[in-house]
Amino acid sequence: MAAGPGVTPRPLETALTRHAGIDVPLLCGAMYPCSNPELVAAVSEAGALGIVQPISLTYVHGHEFRAGLRLIRQLTARPIGMNALIEQSSRTYRQRMERWVDVALEEGVRFFVTSLGNPRWVAERVHAAGGVVYHDVTELKWAEKGRDAGVDGLIAVNRAAGGHPGTRDAAALLEEVGGLGLPVVSAGGIGDEQAFAEALRQGHAGAQLGTRFIATEECRAAPAYKQAILDATEDDIVLSKRITGVPVAVIRTPYVERAGLEAGALARWMLRHRRTRHLMRTIYALRSIWQLKRASLAESGSHEYWQAGRSVGDIHAIESAGDIVRRFAAAASAERERGAVNSRP
Ligand SMILES: Cc1cc2nc3c(=O)[nH]c(=O)nc-3n(C[C@H](O)[C@H](O)[C@H](O)COP(=O)(O)O)c2cc1C
């Protein structure tokens, strides 16, 4: 793709930029509830790739799915991606996700990020339309499952990530999943341009960022949430099982301290037993969707879970998403000029 105005003049070409048709090997990862159309569009318009989170687009930001995609299209003509969180346990949810993937393909989306579950059905549909699928993984087992399902790339989610983090650090995870013949994108802990350049230097084909893009002008999260990201240090990030039953990275606030980090006794009991496990997971899914929506938009934060990863330590200002993409691209391009960045992983 030719570099347009405001886009880095020397595209940092990697497998990711070729697959996604973008200039800067950087994804603004899907974020429930923080992915709003304006944020997704701003990242793509600057030459990177904004990823749509369908539940965030529809339930939090109030757009009918196809209309939401068209709204983004009005803001940028550049490529965008979509996140397909593959939750196996509910047939209704699976059918809705299939519909969303089909609508996204009809609307011209050709880059998909899958998380959890088996991405085979997504890969089949997307490949039939000429698109690509990158799969979020936290260890070799899931990477092999993704490869066997036919995905085109991996997103290695490390222990520093926001959302549901992995357990490995970035270099160890690249070492573990890097031998499968698929490009590997680093997710987690990247808050500034040095960390982005470092991820490319390690041999990643790009980076997926979440937390950095919450503290932007375009993100619709409440000002108090953005300020909490600016104020937090890496040590303020804790893993709470109280929201979804599995660890979610959140900022330690007085509320989080009072609530504790473990799932409640009843929830733990229900998750242990086969007959009640499914019901408890459904309760968690529905409750967390409501709870996190409220949290991202509420002003006080006194009863909220604010999700963020350890990259908070490197985030010191609310900026426009485009400025972030351009600054990151400039730093990585400068390194590449000096010959330090792996230009074609
Ligand atoms: C608030 C928040 C919500 C997220 N929601 C999702 C999601 O719905 N689906 C998903 O695949 N990843 C989700 N993630 C993970 C991000 O897409 C990305 O992989 C991660 O944020 C990278 O780590 P970083 O926050 O340190 O940059 C979320 C992350 C955050 C911070």
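Okay, one definition before we start: I'll call a residue near a molecule or strand if one of its heavy atoms lies within 4 Å of it. Now the caveats: this is a predicted model, where local features need pLDDT of at least 70, side-chain atom pairs count only at pLDDT 80 or more, and totals for chains, interfaces and linings use all residues. Residues are numbered from 1 along each chain as its sequence is written, and side-chain values use heavy atoms, with hydrogens and water left out.

So, the ligand. It has 24 residues around it, and the closest are Ala30, Ser115, Gln208, Gly210 and Thr211. By class, that shell has 10 nonpolar, 13 polar and 1 charged residues. For the classes, Ala, Val, Leu, Ile, Met, Phe, Trp, Tyr, Cys and Pro count as nonpolar, Asp, Glu, Lys and Arg as charged, and the others, Gly among them, as polar.

Which side chains make polar contacts, meaning pairs of N or O atoms within 3.5 Å? Ser115 puts a side-chain N or O atom 2.8 Å from a ligand oxygen.

How much of the ligand does the protein bury? Alone, the ligand exposes 610 Å², and 93% of that is buried by the protein; the areas are Shrake-Rupley with a 1.4 Å probe. Strand 3 (81-85), strand 8 (206-209) and helix 10 (211-214) each give two or more residues to the shell. Helices here are DSSP runs of H or I with at least four residues, strands are E runs of at least two, and both are numbered from the N terminus.

Tyr32 and Pro33 are joined by a cis peptide bond, omega about 10 degrees, and Pro33 is in the loop between strand 1 (26-28) and helix 2 (37-45). Then there's Leu116, a non-glycine residue with a positive phi, near 60 degrees. You'll find Leu116 in the loop between strand 4 (111-115) and helix 6 (120-128).

Last stop, helix packing. Helix 4 (residues 65-75) packs on helix 5 (residues 91-106) at about 35 degrees, axes 10 Å apart. Those axes are lines fitted to C-alpha atoms over the stretch in contact, with angles running from 0 to 180 degrees between N-to-C directions. That contact has 5 nonpolar, no polar and 3 charged residues.

Methods:
Polar contact = N/O pair within 3.5 Å; in protein donor to acceptor, adjacent residues only side chain to side chain.
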